[in-house]
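Please read them with the structure open.

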Amino acid sequence: MPVLTRPRREDDIPELLDILARQQAQTQYPFHWPPRRSPERFLQRPTELEAWVAEWDGAVVGHVALQSVAGDELGHLWAGAHGVPVDRLRCISVLYADRRLPRRGIGSALLARATGQALLDGGAPCLDVVAGHLEPVNLYLSRGWVEIGRFRPEWLPDTEDPVHVMILPRRLPEGSSEPSARHTGLPAG
């Protein structure tokens, strides 16, 4: 059964918050629970450009959002690595899946959807991930993301390693003005 992705709707929020709360003890995402901002504000951020859910057999099972990026230290780190202005950055964020359905491709489908949209609108994909969260780190690396540095956000305890700061290089095939399907995880054509 394939994972389907679609734009998030307001009526998805209760189920998404339930999934977020259920998986947090196992994944430590978000790192603090409850989040310093309300769970609703963690999910729906003021910088959100678009958001999607994953469905499995008609049920909502995951979430991802695409965010604009501030012109702060982290934003400038990403922008410098991409060689673009900060306003071209598109941050993949709030990516999580229902832990009761492991190894179904939910995270991969959501990552592909958000990455594809970031590239289609001319954006430069970026993200950060807690160093100890090895499953997502490995997912990103396997999809062509590269670490460009480390950063210590204010919410990260001193006992934790700094977060990985990553970009998806925006290499285009020679003679093409379209992003490569390899970058998005979407089929070519």
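1. The sulfur of C91 lies 4.5 Å from the closest cysteine sulfur, that of C126, which is too far for a bond, since a disulfide is a pair of cysteine sulfur atoms within 2.5 Å. By this rule the count comes to 0 disulfides. C91 is buried, with a relative accessible area of 9%, and C126 is likewise buried, at 0%, where buried means under 20% relative accessible area, exposed over 50% and partly exposed in between (1.4 Å probe, protein chains only).

2. A word on the basis of these values: the model is predicted, so that local features need pLDDT of at least 70 and side-chain atom pairs count only at pLDDT 80 or more, while totals for chains, interfaces and linings use all residues. Residues are numbered from 1 along each chain as its sequence is written, and side-chain values use heavy atoms, with hydrogens and water left out.

3. An open sheet is formed by 7 strands in the order β1-β2-β3-β4-β5-β7-β6, with mixed pairing; two strands pair if DSSP finds at least two bridges between them, and strands (E, at least two residues) and helices (H or I, at least four) are DSSP runs numbered from the N terminus. At the edges stand β1 (4-7) and β6 (146-151), each with a single partner strand, so one side of each has no neighbour in the sheet.

4. Within this sheet, strands β2 (residues 48-56) and β3 (residues 59-67) run antiparallel and are joined by 8 bridges; A54 has G62 in β3 as its bridge partner.

5. Helix α3 (residues 73-82) packs on the sheet and touches β4 (89-97), β5 (124-129), β6 and β7 (163-167), contact meaning heavy atoms within 4.5 Å. The direction of α3 makes about 40° with that of β7, where axes are lines fitted to C-alpha atoms, for helices over the stretch in contact, and angles run from 0 to 180 degrees between N-to-C directions. Helix α5 (residues 134-142) also packs on the sheet, touching β4, β5 and β7, and its direction makes about 155° with that of β5.

6. The whole structure holds 3 aromatic pairs, counted when rings of Phe, Tyr and Trp (its six-membered ring) have centres within 6.5 Å, with planes under 30 degrees apart called stacked, over 60 edge-to-face and the rest tilted. One of them joins Y29 and F42, whose centres are 5.5 Å apart and whose planes meet at 65°, so the pair is edge-to-face.
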